[in-house]
Amino acid sequence: MKIESILIYIAVAFAGFAIGRIGHIFGGQFNAPHHWIYGIILIIIGVALWFYKKEWSLYFIFFGLGLTISDLKDMIDLKFYGVDDVEVKRFWGID
């Protein structure tokens, strides 16, 4: 695997993380599923596509990883649905 490919996958994972954090900051007050669930779904889709389109599957896996990491605390606490009750909303963090 080339270094360019690795950097692209890191950028895709960061994009997933950034979208998850921005969604938390702006949309954390919605009564909806937590975004770590969407990350797990994308990881499962990526693993399922592994045998069909390997490159696309890695994009799904890394984007899902970024989403999941951005909401890691809620995943560990098994929060599936509801409003985030955080007073200070930060971009750099895992909530």
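This passage goes through the overall build of the chain and then its aromatic rings.

The model is a predicted one. Its chain has four helices and two strands, and walking along from the N terminus, the elements come in the order α-β-α-α-α-β. The chain counts 95 residues, and 34% of them are buried.

Now to the rings. Searching the whole structure turns up four aromatic pairs. One of them brings together Tyr9 and Tyr59, with centres 5.5 Å apart and 55° between the planes, which makes the pair tilted. Tyr9 belongs to helix H1 (residues 3-27) and Tyr59 to helix H3 (residues 54-70), so this pair ties together parts that sit 50 residues apart in sequence. Tyr9 has a relative accessibility of 9% and so counts as buried, while Tyr59, at 22%, is partly exposed.

Tyr59 also pairs with Trp56: here the ring centres are 5.8 Å apart and the planes stand at 80°, so the pair is edge-to-face. Both residues lie in helix H3, three residues apart, so about one helical turn separates Trp56 from Tyr59. Trp56 itself counts as exposed, with 52% relative accessibility. Put together, ring pairs join Tyr9, Trp56, Tyr59 and Phe62 into a cluster.

Terms used. Residues are numbered from 1 along each chain as its sequence is written. This is a predicted model: local features need pLDDT of at least 70, side-chain atom pairs count only at pLDDT 80 or more; totals for chains, interfaces and linings use all residues. Side-chain values use heavy atoms; hydrogens and water are left out. Buried means under 20% relative accessible area, exposed over 50%, partly exposed in between (1.4 Å probe, protein chains only). Rings of Phe, Tyr and Trp (its six-membered ring) pair if their centres lie within 6.5 Å; planes under 30 degrees apart count as stacked, over 60 as edge-to-face and the rest as tilted.
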